[in-house]
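Reader: I've got a model open and I'd like to learn how to read it feature by feature. Could you walk me through it?

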Amino acid sequence: MNRPAFLKRLATVVLIVAGYNAQAADIFNGKDVYEMHCQTCHGVDGSSMEPGIPDFRRGESLMVPDSELFERLWDGMAHMPSYRGMIEDSDLRDVIAYLRTLQQ
């Protein structure tokens, strides 16, 4: 096989693999998961229900990369439990996408 043909095939494989792993977050599923697991403390609209709980409408607690928010949900923090093993990773990503829609 000549070099240009090989590089073209290699680029095709890389694009297929990269596209396979890339998935858009589903904010509608994120809302459902949020309502089931988060709403009690964080409120229907993302406003905190108790002192010390982040208010997602203000967005200050969301001023970090998604990977950091994922870690917080995965590990838990303060009064929030760890959702490791309780909620699928893809559902946690969906919740993060939904939280970003609550900012006013």
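Reader: Let's start with the fold: in what order do the elements of the chain run from the N terminus on?

Author: Helices (H or I, at least four residues) and strands (E, at least two) are DSSP runs, numbered from the N terminus. Here the elements run α-α-α-α-α, with five helices and zero strands in the chain. Before we go on, this is a predicted model: local features need pLDDT of at least 70, side-chain atom pairs count only at pLDDT 80 or more, and totals for chains, interfaces and linings use all residues. Residues are numbered from 1 along each chain as its sequence is written, and side-chain values use heavy atoms, with hydrogens and water left out.

Reader: What share of the chain counts as buried?

Author: Buried means under 20% relative accessible area, exposed over 50%, and partly exposed in between (1.4 Å probe, protein chains only). Of the 104 residues, 28% count as buried. As for surface, accessible areas come from the Shrake-Rupley method with a 1.4 Å probe, and for residues only the protein chains shown count as cover. The chain exposes about 7,500 Å², with carbon and sulfur atoms supplying 58% of that.

Reader: And what part of the contacts comes from residues 24 or more positions apart?

Author: Contact means heavy atoms within 4.5 Å. Taking the contacts with a separation of 6 or more, 43% are between residues 24 or more positions apart.

Reader: Which residues of H5 are buried, and which helices do they pack against?

Author: Leu92, Asp94, Val95, Ile96, Ala97, Tyr98 and Leu99 are the buried ones in H5. They pack against H2 and H4. Setting aside residues up to four places away in sequence, Leu92 touches Phe70, Leu73, Trp74, Tyr83 and Ile87. Trp74 is 18 residues from Leu92 along the chain, and their C-alpha atoms are separated by 8.2 Å.

Reader: What does Asn29 touch, leaving aside its neighbours within four places in sequence?

Author: Asn29, found in helix H2, is in contact with Asp91 and Asp94. The C-alpha atoms of Asn29 and Val95 are separated by 7.5 Å, though the two are 66 residues apart along the chain. Asn29 is partly exposed, since its relative accessible area is 22%.

Reader: Gln39 next: is it buried or exposed, or in between?

Author: In between: Gln39 has a relative accessible area of 25%, so it is partly exposed. Gln39 is in helix H3, and beyond its neighbours within four places in sequence it contacts Tyr34, Val44 and Met49. Gln39 and Met49 are 10 residues apart in sequence and 8.9 Å apart C-alpha to C-alpha.

Reader: What about the loops? Where is Asp55, and why does it count as buried?

Author: Asp55 is in the loop between H3 and H4, and it counts as buried because its relative accessibility is 16%. Not counting residues up to four places away in sequence, Asp55 touches Gly46, Ser47, Ser48 and Ser61. Ala78 lies in another stretch, the loop between H4 and H5. Ala78 is exposed, with a relative accessible area of 85%. Its phi is near 50 degrees, a positive value in a residue other than glycine.

Reader: Last one: what is the volume of the largest pocket, and which residues lie nearest its centre?

Author: On a 1 Å grid over the protein atoms alone, a pocket is an open set of points where a 1.4 Å probe fits, with protein on both sides within 12 Å along at least five of seven lines; lining residues have an atom within 4 Å of a point. Grid points are joined across faces, edges and corners, and a volume is the space filled by probe spheres set on the points. The largest pocket has a volume of about 500 Å³. Its lining has 25 residues, with His42, Ile53, Pro54, Met77 and Met80 nearest the centre. Helices H2 (27-37), H3 (39-42), H4 (66-75) and H5 (89-101) each give two or more residues to that lining.
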